[in-house]
Amino acid sequence: EIPSNVHRIHIRESSSSPRVTARIIKRYLDSGIQDILLVHPLANDLPAEWKNELSSIGVSVSKGKSPLRSSPFVHWISSAIEIAHSEECFSLESLLSFAVQRTIHLFESPSGLDISQSITSRPRNKKSFQSNIIFPKPDRDVLETLARDRRLIGGRGVLSDWLRAFSSDASESRDPIAHEQTQWWFLCILGALSPILDPRDSILLKDKSYSKGCFSGLELPFKINKSTPDSWLNNLVSMLNIENYSKFFDGEREDGMVGLQILMSELSKLRTYEKAMGITSPKNPQTWCEQVQSVIDSGKMPDVKSSNSSVLIKTPEDVLGSRFDRVIVVEPTTELWDLRVKIPPLLQEEERQKLGILRPDGPIRHVRHLLNSIFHSGEEVVIVDPTILDESSPPVAPYDEYWRENSESSSLPSFLTEDDFVENSGW
């Protein structure tokens with residue numbers, strides 16, 4: 001039975017729903033109502049026209065549950081892992097993107113190296129430079145030139161080609177200082193990533209010929225991290241200085257922190273489960289990287305709404321057990337309510353009926369339950385309904401059933417008065 005406080009607002013076209021709904025909400029807000037619920041099947045990913053209409057009356061629309069990697073911290077942690085382990089590991093694109101980001105630091109920059117004596121002692125070096133003190137610093141032109149001239153394409157086994165390219169004599173290049181600084185930066189990156197590098201790549205770091213400066217000939221010092229993959233990640237997180245990153249943060253600071261907390265929490269839960277089941281945490285770099293990337297790929301950022309918002313937007317499933325002063329229901333159409341039955345593999349219809357699983361009327365029964373809950377969730381419930389006047393928007397079956405079995409309320413919703421109507425015309 002439908003309560004007497006449920007009202008239908010018939011509209012001529014489904015496309016008018018956002019505009020009409022915004023008018024209703026505006027009237028509620030103007031009358032002092034501060035507890036309003038908008039029920040939309042796509043509440044977690046509202047179409048643009050809905051966002052625009054709601055924003056025009058000052059209603060903030062949440063972003064929905066975005067992927068965990070939308071957090072800047074998580075994104076760049078994932079990118080660091082992809083440099084070491086992915087189908088495109090050590091590709092030019094991955095190195096360039098990591099070279100320009102300033103959200104995370106993989107290593108603590110060492111003190112500058114004075115190469116003045118080394119370069120002046122070589123007779124063919126006639127050039128003068130602004131500074132003979134070098135630091136680990138990437139240069140985009142150097143990376144692009146090496147990748148183009150040496151035909152360096154990302155993928156497994158390419159690291160040795162990069163190391164040979166960097167360690168080749170750069171004294172005749174246009175900017176040998178930039179070459180050596182980029183070489184040093186690359187070595188520092190590799191040393192920092194050592195715990196998650198492929199073992200065959202880690203061995204290359206022990207070859208002293210690769211750490212010889214391509215211009216000065218001096219040994220370029222870099223630290224090889226010998227910790228476990230889990231310790232590597234914990235150390236990377238501990239190096240983050242949120243306050244200092246605020247002025248050049250890649251994204252919203254709050255999103256970065258929330259995403260990082262979710263990632264570390266999920267990994268902590270995973271390690272707890274593994275320990276309880278007697279499973280050893282992965283020590284193999286590739287297995288560890290795949291596991292962490294899987295956690296990132298499956299993770300979601302929370303849907304954070306403003307705590308002082310007068311209007312909440314929820315899916316029908318999220319309304320269960322809720323209570324509001326005013327509830328507005330939109331889009332009760334077949335297009336947005338999925339009633340398809342997902343058939344399990346290897347089971348015939350007769351077997352499913354015998355086992356009592358996934359009844360063919362399951363989705364219909366579920367929608368009936370949702371509608372009944374919605375109709376009883378507010379002191380006043382308004383449905384913006386295009387299904388009667390718009391033939392292109394047929395109603396979802398359980399909704400149609402309700403109105404065939406129950407009569408509409410004869411009273412007006414509270415946001416309307418008789419003065420809102422003119423003769424032979426609607427509101």
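Modeller: Let us begin with Thr-21, which touches Leu-38, Trp-50, Ile-328, Val-330 and Val-384, leaving out residues up to four places away in sequence. Please keep in mind that this is a predicted model.

Biologist: Which helix is Thr-21 found in? And is Thr-21 buried or exposed?

Modeller: Thr-21 is found in helix α1. Its relative accessibility is 0%, and buried means under 20%, so Thr-21 counts as buried.

Biologist: What else is buried in α1?

Modeller: The buried residues of α1 are Ser-17, Pro-18, Val-20, Thr-21, Ala-22, Ile-24, Ile-25 and Tyr-28. They pack against the strands β1 (6-10), β2 (36-39), β5 (311-314), β6 (324-330) and β7 (378-385), and against helix α2 (48-56).

Biologist: How many residues does α1 have, and what follows it?

Modeller: Helix α1 covers residues 17-30, which is 14 residues. From its first C-alpha to its last it reaches 20 Å, close to the 20 Å expected at 1.5 Å a residue. After α1 comes Gly-32, whose phi is positive, near 95°.

Biologist: How far is Glu-331 from Pro-395?

Modeller: Their C-alpha atoms are 8.7 Å apart in space, while the two residues are 64 residues apart in sequence. Pro-395 is found in the loop between β7 and α17 (397-405). Beyond its neighbours within four places in sequence, Pro-395 is in contact with Pro-332, Thr-333, Thr-334, Thr-387 and Asp-400.

Biologist: Let us step back to the whole chain. How many helices and strands are there?

Modeller: The protein chain has 17 helices and seven strands. Of its 427 residues, 45% are buried. Among contacts with a separation of 6 or more, 79% are between residues 24 or more positions apart.

Biologist: What about the largest nonpolar core?

Modeller: The largest nonpolar core has 63 residues, and those with the most contacts inside it are Phe-90, Leu-106, Trp-162, Phe-186, Leu-193 and Trp-232. The elements that give two or more residues to this core are α3 (72-84), α4 (92-100), α6 (140-149), α7 (159-167), α8 (176-193), α10 (229-238), α12 (253-276) and α13 (285-298). Helix α8 gives the most, with 11 residues. In soluble globular proteins, nonpolar side chains tend to be buried together.

Biologist: What does Phe-90 touch?

Modeller: Setting aside residues up to four places away in sequence, Phe-90 touches Ile-83, Ala-84, Leu-95, Gly-154, Val-158, Leu-159, Trp-162, Phe-186, Leu-190, Leu-197 and Asp-201. Apart from this core lies another, of 22 residues, among them Ile-25, Leu-46, Ile-313 and Leu-416.

Biologist: Which residues of α4 are buried, and what covers them?

Modeller: The buried residues of α4 are Leu-92, Ser-94, Leu-95, Leu-96 and Phe-98. Their cover includes α3, α6, α7 and α8.

Biologist: How do the axes of α6 and α8 cross?

Modeller: Their axes come within 9 Å and cross at roughly 85°. Angles of 65 to 115 degrees count as roughly perpendicular, so α6 and α8 are roughly perpendicular to each other. The contact is made by Val-142, Leu-143 and Leu-146 of α6 and Ala-178, His-179, Thr-182 and Trp-185 of α8.

Biologist: A change of topic: how many disulfides does the structure hold?

Modeller: The structure holds zero disulfides. As for cysteines, Cys-188 is buried at 5% relative accessible area, and Cys-289 counts as buried at 2%.

Biologist: Lastly, where is Gly-362?

Modeller: Gly-362 is in helix α16, residues 362-375. At 27% relative accessibility, Gly-362 counts as partly exposed. The C-alpha atoms of Gly-362 and Arg-340 are separated by 9.1 Å, and the two are 22 residues apart along the chain.

Technical notes: Residues are numbered from 1 along each chain as its sequence is written. This is a predicted model: local features need pLDDT of at least 70, side-chain atom pairs count only at pLDDT 80 or more; totals for chains, interfaces and linings use all residues. Side-chain values use heavy atoms; hydrogens and water are left out. Helices (H or I, at least four residues) and strands (E, at least two) are DSSP runs, numbered from the N terminus. The expected span of a helix is 1.5 Å times one less than its number of residues. Buried means under 20% relative accessible area, exposed over 50%, partly exposed in between (1.4 Å probe, protein chains only). Contact means heavy atoms within 4.5 Å. A nonpolar core is a set of buried Ala, Val, Leu, Ile, Met, Phe, Trp, Tyr and Cys residues joined through side-chain atoms within 4.5 Å. A disulfide is a pair of cysteine sulfur atoms within 2.5 Å. Axes are lines fitted to C-alpha atoms, for helices over the stretch in contact, and angles run from 0 to 180 degrees between N-to-C directions. Angles under 35 degrees count as roughly parallel, over 145 as roughly antiparallel, 65 to 115 as roughly perpendicular and the rest as oblique.
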